[in-house]
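Keep the model open as you read.

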Amino acid sequence: EAFSSCDNLTSIYCYAENVPETGSNAFDYCPSDMVIYVPSQSLDAYKAASPWNEYTIMAMGEIANHWNPDGSLFANNMSVIGLIQINGVNQNSTSLEIGAFCGEEVRGSQFVQYIPALDKYLVFLTIHGEGSEEISFKLYDHFTEEELDLRSPEAITFAVNGTLGSVTNPYILNFSNMVEITAVVSPSEAGYVTGAGIYAIHDIV
């Protein structure tokens, strides 16, 4: 009865690759137009399982992108086959979308995808551009529906028809949490204290 009588529920994101066992009344009185989003590799299994298949089931890759670049504005592209990390930890979630930016202009956007043959979660990102522009990155989580407040990986330089990474050796896109450090001076001690500010985890200060 996990969602029984949730009559205002419009969508459910289920990240389990194996269909969870539920009672027949798990979704009783939920709206008939509710959408259940599941991992793309498990779509057929959910569609075959009751009571899940009483509702519209969509693969998470079918969720609308948060960022929508217009590739028609640019003559050239480059590709990044990447592995997303946060604080050095691989991110195994298809709810994540990475955006590529030149300044504040979005130049590319793609969801993380699970590759069963490699047992890896990778992103296949096309970036649009012109010449040697600096490209930075942002991360959006469709599960929490928010842009994550993280420090971007090191910017890359746009290269016409260039490729960064491969499926066997993906380019690491490591985002970092920010922490604030406050320096407090003891009036009884002489000298100077420096280093207050906002840093990413693993920064050396």
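**Strands, cores and rings**

Strands β2 and β3 run parallel to each other, paired over 4 bridges. Strands pair when DSSP finds at least two bridges between them. Helices (H or I, at least four residues) and strands (E, at least two) are DSSP runs, numbered from the N terminus. In this pairing, valine 35 has threonine 56 of β3 as its bridge partner.

This is a predicted model: local features need pLDDT of at least 70, side-chain atom pairs count only at pLDDT 80 or more, and totals for chains, interfaces and linings use all residues. Residues are numbered from 1 along each chain as its sequence is written, and side-chain values use heavy atoms, with hydrogens and water left out.

Buried means under 20% relative accessible area, exposed over 50%, and partly exposed in between (1.4 Å probe, protein chains only).

The largest nonpolar core has 21 residues. Such a core is a set of buried Ala, Val, Leu, Ile, Met, Phe, Trp, Tyr and Cys residues joined through side-chain atoms within 4.5 Å. Ile98, Leu125, Ile127, Phe137, Leu139 and Phe175 touch the most other members. The elements giving two or more residues to this core are β4 (76-86), β6 (96-102), β7 (105-115), β8 (120-129), β9 (134-141) and β14 (171-181). A second, separate core has 15 residues, including Cys30, Val38, Trp52 and Tyr55.

Next, the rings. The structure holds 8 aromatic pairs. Rings of Phe, Tyr and Trp (its six-membered ring) pair if their centres lie within 6.5 Å; planes under 30 degrees apart count as stacked, over 60 as edge-to-face and the rest as tilted. Why is the pair of phenylalanine 3 and phenylalanine 27 stacked? The ring centres of phenylalanine 3 and phenylalanine 27 are 5.7 Å apart and the planes lie at 15°, so the pair is stacked. Phenylalanine 3 lies in the segment before β1 (11-13) and phenylalanine 27 in the loop between β1 and β2 (35-38), so the pair ties together parts 24 residues apart in sequence. Phenylalanine 3 is partly exposed at 29%; phenylalanine 27 is buried at 3%. Ring pairs link Phe3, Phe27, Tyr46, Trp52 and Tyr55 into a cluster.

Tryptophan 67 and phenylalanine 101 pair another way. Their ring centres are 5.4 Å apart and their planes at 85°, so the pair is edge-to-face. Tryptophan 67 sits in the loop between β3 (56-59) and β4, phenylalanine 101 in strand β6, 34 residues apart. Both are buried. The charged end of lysine 138 sits over the ring of phenylalanine 101, 4.6 Å from its centre. That label applies if NZ of Lys or CZ of Arg is within 6 Å of the ring centre and within 35 degrees of the ring normal.

Finally, the backbone. A cis peptide bond joins serine 50 and proline 51, with omega about 5°. Proline 51 lies in the loop between α1 (43-47) and β3. Serine 5 has a positive phi of about 70° although it is not a glycine.
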